Each structure stands twice: as structure tokens, then as C-alpha cells.
Amino acid sequence: MQSKPVHTAIRRALIAGAAAMLTLPAATIAQAQNDQGDDVETVVVTGSRILGSNLESPSPIQTVTAEDIQTSGVPNIQDLLVKSPVFGTPLSRTNSNFLTSSVGVATIDLRNLGTARTLVLVDGRRFVAGIPGESAVDLNTIPASFIDRVDVMTGGASSIYGSDAIAGVVNIIYKKNFEGFSFDAQYGESAEGDGDETQLGATFGVSSADGRGNVMGYIGYTDQGSVLSRDRSRSAVDQISTALLTGDPADMFTPQRPFYSSYAPQGRFFTANGPGSGITFDANGNVIPWSTNGTSTLAATGFNRSAFRTIAVPIERYLFASRGNYEFADHHRAFFEGTYASTQATSVLEPYPLGAEDIYPATGGQTPAEFLVNGVLLANPLIPAAVFNTTADEDGDGLRDYYFTRRMAEAGNRGSVADRDTFRIVGGLEGELFGGGWRYEAFYAYGQTKEAQTSSGQVNVLNFRNALEAIPDVDDLDGDGNVTEAICRDANARSQGCVPINVFGFNSISPAAFDYIKAPGMLATFTQQKIAGLNLTGHVFDLPAGPVGLAVGAEYRDEYSRSEFDPLQQAGLNAGNAIPRTEGDFDVKEGYLEVRVPLLADKPMFEKLDINGAVRFADYSTVGSVVSWNGGLEWSPIPSLRFRAIRALATRAPNINELFSPPSQDFPTGLQDPCVGVTATSTGDVDAACRAAPGVNANIAANGAFTLNQADIQGISGFNRGNPNLSEEEGDSWTVGVVIKPSDIPVLENFDLTLDYYRIDIKDAIVFTPRQFILDQCYRGNTALCQFITRRPAAVGANSAGSLEFIDSGPTNSGGEFAEGIDLTVSYAQDIGPGAFRGRLAFTHVLDQYRVPLPGAAKDYIVGEVEDGLVAPENRAVLNLGYTVGKFGATLTTTYLGKVALDDQFLAQFGEARGSIGVGSKTYLDAQVTYSPTENYQIFVGANNLLDEEPPPIISGLPGDDTGTETNAGAYDPIGRRWYAGVRVKL
């Protein structure tokens, strides 16, 4: 362990503790009141801010307890939450290795509606975002051992908590009023001997002698090791779905292996008089024909990228959390809450693939082989004669040139080391008014996330160009008058340290040349959140059925984000994505009112009948005024049966990235070009639209039909950009359900069942139009989308004429999203035999889910499919079983993901119907056994993915594949069986 981050964490958290004295807010706790000797428990539940006794949430709530966290053995609360069937596919350490920023973040996504539509709270208040420009919270910053419970509320909740709660709310409740000391330690690793995990944590607390105050804290450390692609047989070698090569849908899950990259460390060279496939070098420096994947007579000369990729990025975290409260006057308290997290994530991927067009974009990559210097024609002396003799003038300047691609192995692997620091403090006052019938809370919260990222493996293309233009040093001849040295042609470049570069063959770049061209990257981000709030809740007056509850409040929030790469990255001059600086902010002023009215109580068939409603007004500096509301009904005909229904209109204002992002480059995969197979005489609207592109016609003339090669499939780029004209999106939701708690039946007194129907319809949804949709629509008559597509007008190096070069996309309010389904939860606890049994089942069946990319467009179905970024089975379930007898305990968790088909838009490219081709269901088993020799000491061992279930083969080229994993690593387990053991101590 490094001491500096720990010292920093402690110092900053202690500063947070000294800055203000706070306690847990009224909006999220259950607190006993002692008025005139009567003990009346008053609570406020997630989904409502109204105080009451025996209050139940009007909205469906699923709860994860501290015991659930302990029995799971997870280092990050995300790992446990995603087992719940109400969650979709988030960002995690197993699907973020290729991100240019925010590597290793852990987000959460309700209903597969996107992380931006899931609001994460801590003790009922917003938490600063972990991704710059977005609202998504990085769950790496939340200490799992400090959590008392997590309430997951599904359905629109914007009227209660504000923007972003369209899919629902995840409310993380910290422990409170802890006294004593507890310590836990755990270690584990995968069955393959990698992915090792270390967890250490200590919780401590003390109360004042007079009982008026309490301070508690937590210090934790976790270290999760990496898992490399080469260490799993399914992902050790580059491959692609054979269907993308043959066009036969029967080949979807048949891998073409190897399917190496055409960018190799020894280089690939195209010359006017050389073979069409190019030439390269063997290990001895001999010129040989190029063959990417090899043939019966030629060895493979391509590059296996999978040998350098990562399945799970390593994460190291230092965490500190604290909270305290002090009753400075009767029924009035000051409280504080402080959190600090220091996270380091490291990504590793293959060396950079450099194309000559990165260096010479104006000529399409034609690289000069000779130069006219003072009227004398001089050849680059570093070009081997076998290559130089096949060159000719191809760009019309009268001088020989060539084109090349090269894997920059001398620069080492690409990757980044991201250091993220999150700091948050909350302080305020709370108390009771008017004899305890009303509660108030006033608070201020400040949070910030800083990320400093360094990256490697890129090159400075301007220096690279200088280094490529080498000429003989006529002032340095040997005894026979022969040139012995090469120098950079440009005298200014020479004076600035230019060293000629040799790109011909393995390990041909000298250390001095590499030092001249290397371009280490840097990224600095800053995200800031400021919130001030005032809440008041109590009883307005009494009705025969009970008191009328009211909650009112106001909140001000200011959000700011800045993300800035180094100058070369911003300009795209390091041969990578061009990612300009992104900066923006907004503020919002909000006010809300919530009311609960009891209509009937203690009547035949009306044990309770309540109505409730809430409205929230917000004024954004970006989109102006918005209104959200909800209304609900609760009816209990008998104590053991309760029906509930709630209708809500939730809103989400666009985030900073959606509004203000400048064009940033992306490299999408899995796209199907609708022009493939088009001939000069083929008929149809698509065929005619394709032939309108000059490059497509040139390709047809050369091949008889429009044809793509491997480099074309792998060489598509594009730009994503923000839209400052976005407006808010609205989610209209219905939730109708029943709760059964037959406590009056002895054998079922600990039995609970909830069944809920949900329906969420998002209008004017903020969507990035999918690139495949743009392609399909452009060539099927929606020509307005063709402006986002750029094809190569002529062949460039390994890329064919007419092949796709750029497909751009950006957000609009043109979309719609719809989700509909049924949630079932069942729990039961009972003494059975010598011990105690407990069980809980959560099951979700999705009836329908789709998105509409543009008004009037056909539905793009999500339910029952796997596509880029998500897996959405119709059926998901998790079953938790536990049994404790004496000093021993055991738990078994079964997680089920139903079958899914490949994306319907993807299947349509092969003429296949929706749902016709896909992968089967998966079931994972996790287990833990505990032994507690005393009340204060426990030993535990466990295993996740106990049966070592392999993930489905969602291989490269198929929708939903996460690069380097050959599956969807956000939904399925790409690591395999993992064991762990540890100890817990309480003093």
C-alpha cells in the first residue's frame, strides 16, 4: 500500500469533518422520537419525502442490505447490483479498456434505458458525477462496507428528486451512529490464477458521553488485478464472425480464426510495381509477399492484436468516508458527511496501427521515396533497394513514392493510467418544529472529481513526417565516397533534433528516432457539483383516516465540467482520435411539493386508502422551465394485501456532453455496408443510391461487384458531436402492483410477495442516431442522413475505392424509447430444523422495449436482443438462498439471464427476421460459507461463477461484442470461476 494516497484521503476527510457538523437527513432515515415518554418511530422512505409512522413507499422498492453485500464478497457495489434483473448493462472494468477516458468506471443502468436516465443518490442526495460531462456516478467511489442498504426504486421519480430519474433511483444509504471498531480483510483470484483481488477495510465510531453526538468513519483499500485476453482461449487470437465475410447467416457464430490485423510491426508496403497485396519483411529482413492470415504456401504476416488486449482492467482504490452529528439544542442537530476516493485504473491494448495517410493526408498517404534538393535528385537511403526499385510516381509530382502501414511496436503498447480523485462534503442542520410534528433540513453539498490521465503509444505525426523525409548526408562519406549516414531533409527539423526513421522491417526504428517521434498523451478533467437545499415535512391537519402529510422544498444546483487532452490529441496530430476540449456548465433552480391524503382507514375492505401526488418546477439555464409530477393511489382492503398505482411524468435535461461536446473522433465496429454486392446492372433503390458515389462505381468497375477487404471493414471512423439546441426529454410512466404480506398466517408470517407492472414511454428522447441506422436510411431514401457519410473516392493504400471512411453522429431530440414489463419479488424466512432459512427471488419479464431513432422511423427493438452496449433478455432472475445453523452459515446465489437474439437491425442486413439468430440463456452460481467461532469474529470462503460458466460467443463483428473479450463483458462473466476467503472482526 502506498502511504501518500491514504494520508491524503484521511487529511481531506478530516477537513470535511471539521468543516461542518451534520447528521443523516430526515429524507432517508428511520429515527426514534421520544416525546413525553412515547416511542413513535417516524420514517421517510425512498420515493417520498413525507414523514410518517409505518410508512411504505408508494413506488416499487428493491433493497440490497449490508448482509447481502457481505455474503456476495464483491469489492464494488456495482458487482452486486447488476445481478438484480431490473438493471441493464453498465460500464465496468470489463468493458472499458478501449475508452479514451474514464477507464475502469463503474456505472449503473436501470431498465437498459441508459446511465443518464438512472439517478444515483447517497442518503437521498445527489452525488458528484464520475464521468466528466455526464451525470453517471462512479460506484468505485462508494465504500461497500460503509453501506447500510441500497434502495432501488423503479419508475419515474423526477417530481421527488429532480432530473435524470426517468428509469428510477438508486439510493445508497450509509450506516449511521456506529460505535466501536470493525475490520475485514479478503483475498481472492480466478481459477486461472489471475484477476487477484485484495480488500481491506475498517469502520470505527464513537459517541459523546452525553449521547448528543456521534462521529464515525471508514478507511478502505481494494486492489483488483488485470485479466488479459491472451489468457482465455476464446479471446487469445484475433477472429471475426465468418458471416461478415461470406454473407451467410449460418456462419454467425463460426469464427474466422485467425483474422489478423493488416497493420504489422514489420510494416506493409504498397508500390506502383509491387504486388497488389503489398510486400513486407521476414524476421531476417528479407522482402516477402504480404499475406495477412497466411495461405497453404505463405506464412501469416498479419498481427495478432488479441495477444496485447485486456479483458478486465486493474483497479486500485483508497477510500475514506465519515459522518457525524451533534445535537446542539434539544431537537436540533448539526450534521456532516465526507467522502474521499482515490482510484487508479490502467488500460493496456495493442501498439498503435499507423497508416501513411496519418502522416500525409493530402496525398492519401503517398510517401515520398526521393527528393529534389538543390536541383539534385536524392533517394531516401533508408529504403531497401528491393522496395525502392518497385516504386514510381503515383501522386503526380514527378517523384517516386510509396504507401505503407505499420504497427508501432517500438512505441510499446498503447494504454493509459488514469488517476481519479473524488471529494464530497455535505453539511447542514436538521431538527423538529412545532412539537415534533414537522421536520426541517437545510444542507449544502459540494463535490468534485478530478482525473489525470497519462497515455502512451502515440506518435507526433509532424515529427514523423520530418523523420520519414531522409536524404543522404553528403558530408559524411566513407573512404570509398559512399554515404554512411542519413539525415532529415529539412534543415530546421535537423536543428530541432530530427532523427531519420527507418520503418522497413522488425525493430528497425532506432531509440533516437523513436524519442523524436513519440508523443505521450495527457488528459485532465474536472467535474464540480454544488447543491443547496431546504426541505420541510410534516402533518398539515388530521382527517378521520389519519393525518395529511406534506413535504415542500427548494433546491439550487450548479454543475460544471471540463475535459482537456494535450494539444496533439486535440488536433489529431498524434495519429489518434481528434478530441477537442469540452467545457460547459449549467445551473437549475427547483421547488417541489408533495402531499399524501388518507381517505379511508380501518373500514371493511378499506384497511387503508390513500392518494398521493407531487409536482416539481425547475428552471434550467440551458433548456428553461420544466415541470414533472406524479400521482398515486394505495389501497389495502386487509392488512396483508396492498394494491398500488402511480402515474408519473419525469424529465431529463441534457447533460454537458450532449450539449457542448465539439466533434470528437470515434472508430465504430460491426457496421454492415448496404452497398456490398451491388453491381453495375443490379436493380433496386439501394443499388441506385450506392452507384451515385464515384468510389462505389470505381470499386464495381475493378471487381465486378462492390467488394470490401479486411482493411475496409476495420478502417471506418467518424465524429461524435454535441448539440446546444437540445431540449429536455420526458418520460411518461405507469406502475401498477400488489403487495402481499400474510403476517396473520403463522407459517407465512415472514413471507412477502410483490408483483408490479411498469410502462415507461420517453418522448423527445435525446439519442445519438445509430450509425447503422444512418447507413440504412441514407440508401433507402432518407437522403438527409447521407451528409453524415463519407466514402473514399479512390483506393488509398489497403483501402478500396468507395469504402466507408467516416460516419458521423450526434444527439437530437428526435428519438423515443419505450419499456414495458413485469417485476416479481418473493422473500421468505423461517426456522427450519436446527437452523434459520431465508430466501429471496427477484424476476423481471420484459414485455416490450424499443427505441425510435427518428420520428416516423420503424421501431428498433431492444427486448430479447444483444446490441452494442447492452444485453436485454426478456427474462432475468436472481435467487438468493441462505441457511444458518449454530456457528455456520451458507448462501447460494443463482443469477439467470434469458436467451437473446442478435440486434434486429443487424440481422436485417442478412435478410433474417428479428429474433431468428441468437445465443442461449446463461445461469451463474455464487456461494459463500461462513464460520463464526464468536459473535465478534467470522471466517468466510466463497466462489463466484462456481460452475465456471463460459460466456456466450458474441465474437468480433457481431453486435454487442466488447473488444478483446469475444463476448459482451458488461452482461456476462468474461473472467470465469473466482474464489475468495477472508475474515471479519468486530470490537
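Aspartate 123 is found in the loop between strands β4 (118-122) and β5 (125-126), where helices (H or I, at least four residues) and strands (E, at least two) are DSSP runs numbered from the N terminus. The structure is a predicted model, in which local features need pLDDT of at least 70 and side-chain atom pairs count only at pLDDT 80 or more, while totals for chains, interfaces and linings use all residues. Residues are numbered from 1 along each chain as its sequence is written, and side-chain values use heavy atoms, with hydrogens and water left out.

Aspartate 123 has a positive phi of about 55° although it is not a glycine. Its relative accessibility is 0%, so aspartate 123 counts as buried (buried means under 20% relative accessible area, exposed over 50%, and partly exposed in between, with a 1.4 Å probe and protein chains only). A positive phi of about 55° is also found at aspartate 602, which is not a glycine either. Aspartate 602 belongs to strand β31 (residues 582-603). With a relative accessible area of 64%, aspartate 602 is exposed. A cis peptide bond runs from arginine 257 to proline 258, with omega near 5°. Proline 258 is placed in the loop between β13 (255-256) and β14 (268-270).

The disulfides were assigned by distance, a disulfide being a pair of cysteine sulfur atoms within 2.5 Å. By this rule the count comes to 3 disulfides. When the bonded cysteines of the protein chain are numbered in sequence order, the pairing reads 1-2, 3-4, 5-6.

Cysteine 488 and cysteine 498 form a disulfide with their sulfur atoms 2.0 Å apart. This pair links distant parts of the chain, 10 residues apart: cysteine 488 lies in strand β28 (residues 486-488), and cysteine 498 in the loop between α9 (491-495) and α10 (511-517). The torsion about the S-S bond of cysteine 488 and cysteine 498 is about -80°, so the disulfide is left-handed. Cysteine 488 counts as buried at 1% relative accessibility, and cysteine 498 counts as buried at 11%.

A disulfide is also formed by cysteine 675 and cysteine 690, with the sulfur atoms 2.0 Å apart. Cysteine 675 lies in the loop between β35 (664-666) and α13 (685-691), and cysteine 690 in helix α13, so the pair ties together parts that are 15 residues apart in sequence. The link of cysteine 675 and cysteine 690 is left-handed, with -90° about the S-S bond. Cysteine 675 counts as buried at 0% relative accessibility, and cysteine 690 counts as buried at 0%.

Cysteine 778 is joined to cysteine 786 by a disulfide, with an S to S distance of 2.0 Å. The torsion about the S-S bond of cysteine 778 and cysteine 786 is about 105°, so this disulfide is right-handed. Cysteine 778 is buried, with a relative accessible area of 4%, whereas cysteine 786 is partly exposed, at 25%.

The nonpolar cores are considered next. A nonpolar core is a set of buried Ala, Val, Leu, Ile, Met, Phe, Trp, Tyr and Cys residues joined through side-chain atoms within 4.5 Å. The largest nonpolar core has 43 residues, and those with the most contacts inside it are Leu81, Leu139, Val150, Val170 and Ile172. At least two residues of this core are supplied by each of α3 (77-81), β4, β6 (147-154), β7 (168-174), β10 (213-224), β18 (315-329) and β38 (751-768). The largest share of this core, 5 residues, comes from β38. Leaving aside neighbours within four places in sequence, valine 150 is in contact (heavy atoms within 4.5 Å) with Gln62, Thr63, Val64, Ile77, Leu81, Val170, Asn171 and Ile172. A second, separate core of 37 residues includes Phe269, Phe281, Val387 and Ala575.

Glutamine 366 lies in the loop between α6 (356-359) and β21 (367-368), and at 13% relative accessibility glutamine 366 counts as buried. The side chains of glutamine 366 and aspartate 401 are joined by a polar contact of 2.9 Å. A polar contact is a pair of N or O atoms within 3.5 Å; within protein, one must be able to donate a hydrogen and the other to accept it, and residues adjacent in sequence count only if both atoms are side-chain atoms. With neighbours within four places in sequence left aside, glutamine 366 is in contact with Tyr360, Glu394, Asp395, Asp401, Tyr402 and Tyr403.
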